[in-house]
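Please examine the sequence and the three-dimensional structure below before reading the explanation.

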Amino acid sequence: MNKADASKIKQLLKQYNTKQKDIAAFLGVSAQFVNQVINGKRSTVRVMQAIAFFTNRSISELWLDKE
């Protein structure tokens, strides 16, 4: 994932009035872990699915590279 994707996800979270800590609490993980997934430093389908759910998008819309 590139930085443009991370900023898109952060923008969508803001649009849906959802904070990274909300997703973290929902999943029982740290907000730092969610942030690492958003910024491409870690990869876990479970967190990606939650982010997609909270932003009303599919995982492929958020993480597939569009070249």
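Predicted model: local features only at pLDDT ≥ 70, side-chain atom pairs only at ≥ 80, totals over all residues.

Residues are numbered from 1 along each chain as its sequence is written, and side-chain values use heavy atoms, with hydrogens and water left out.

Helix H2 spans residues 20-27; helices here are DSSP runs (H or I, at least four residues), numbered from the N terminus. Its residues Gln20, Ile23, Ala24 and Leu27 are buried, that is, under 20% relative accessible area with a 1.4 Å probe and protein chains only, whereas exposed means over 50%. These four lie on the same side of H2 because they cover an arc of only 100 degrees around the axis, the arc being that of the directions from the helix axis to the C-beta atoms. On the face turned away from this buried side, H2 carries the exposed residues Lys21, Ala25 and Phe26. After H2 comes Gly28, with a positive phi near 75 degrees.

Phe26 counts as exposed because its relative accessibility is 54%. Rings of Phe, Tyr and Trp (its six-membered ring) pair if their centres lie within 6.5 Å, and planes over 60 degrees apart count as edge-to-face. By this rule there are two aromatic pairs. Phe26 and Phe54 form an edge-to-face pair, at 5.3 Å centre to centre and 85 degrees between the planes. This pair joins distant parts of the chain, since Phe26 belongs to helix H2 and Phe54 to helix H4 (residues 45-54), 28 residues apart. Phe53 and Phe54 are also edge-to-face, because their ring centres are 5.5 Å apart and their planes stand at 85 degrees.

Methods
Helix = DSSP H or I, 4+ residues; strand = E, 2+ residues; numbered from the N terminus. Phe/Tyr/Trp six-rings, centres within 6.5 Å; stacked < 30°, edge-to-face > 60°.
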